[in-house]
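Hi,

Here is the structure I promised to pass on. Have a look at it first, and then read my notes below.

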Amino acid sequence: MTNPTDLLHRRYGVDAFNADIPWNQTISNLLSHRSIRAYLNDPLPTNTLETLIASAQSASTSSNLQTWSVVAVQDTTRKEKLSQLANNQAHIRQCPLFLVWLADLARLTHIAENQGLPHEGLNYLEMFLMAAIDATLAAQNAAIAAESLGLGTVYIGALRNRPEAVAEVLNLPPHVVAVFGLCVGYADSSINVEVKPRLPQAAGITSGDLSVRNTKTGN
Ligand SMILES: Cc1cc2nc3c(=O)[nH]c(=O)nc-3n(C[C@H](O)[C@H](O)[C@H](O)COP(=O)(O)O)c2cc1C
């Protein structure tokens, strides 16, 4: 476990604040996050995928509707095609596991049709937003689980550059959209990747009266 002072300095630089804060292994892992864009060829340990999916499924999900799905892409040909559709990003080809996270309203559509129930409500933007949020929370749980196992990850939003072509490669049914991909694999440690800085907390936190909280003084 890395100590808070080091990690807060890496994350906030000169704006790092008092390191006397609650701390544990989970928080240490979260503050150590960095996206990995160079992977070794090493395979993942047996059943890693199952662990990542169980972690993803343990995320909160709106009304427990679980309006997301994921495609685990491991074969070279499909990774190559998806890489080309996402600005030719090499890490998609390199990583042993490429997870494509889907906002999935097909399952609910199918259930409604089977029960002879109307399902026009599924066409509202709100339902797409709900599905995309559910997929995102699930993916982030999987990413945190992967990092806790010593694996690297990077999200791939560029998968939305060509949504229809991506749907074709993955054979997606109607009512399903790929919201982003996630590369998973062992980082090539010969390439140094720093923790990237974030805005000071004062840029985003307000107290109840909407005045900006000064995180340096605690006012
Ligand atoms: C939704 C989403 C989409 C992203 N898409 C890409 C991408 O297509 N390619 C890439 O190299 N990084 C992508 N990233 C990674 C971000 O660039 C990265 O998280 C950001 O620069 C901060 O760096 P860090 O993750 O190392 O802290 C994406 C991140 C998110 C959350």
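By class, the shell around the ligand has five nonpolar, four polar and three charged residues (Ala, Val, Leu, Ile, Met, Phe, Trp, Tyr, Cys and Pro count as nonpolar, Asp, Glu, Lys and Arg as charged, and the others, Gly among them, as polar). Before you go further: this is a predicted model, where local features need pLDDT of at least 70, side-chain atom pairs count only at pLDDT 80 or more, and totals for chains, interfaces and linings use all residues. Numbering starts from 1 along each chain, as its sequence is written.

Around the ligand you'll find, among others, His-33, Arg-34, Gln-89, Phe-180 and Lys-196 (near means a C-beta atom, placed from the backbone, within 6 Å). Strand β3 (residues 152–156) gives the most to that shell, with three residues; strands here are DSSP runs of E, at least two residues, and helices are runs of H or I, at least four, all numbered from the N terminus.

β3 also belongs to an open sheet of four strands, in the order β1-β2-β4-β3 with antiparallel pairing (strands pair if DSSP finds at least two bridges between them). β1 (68–73) and β3 stand at the edges with a single partner strand each, so one side of each has no neighbour in the sheet. β3 pairs with β4 (residues 176–185) over five bridges, in the antiparallel sense, and Ile-156 stands opposite Gly-181 in β4.

Cheers
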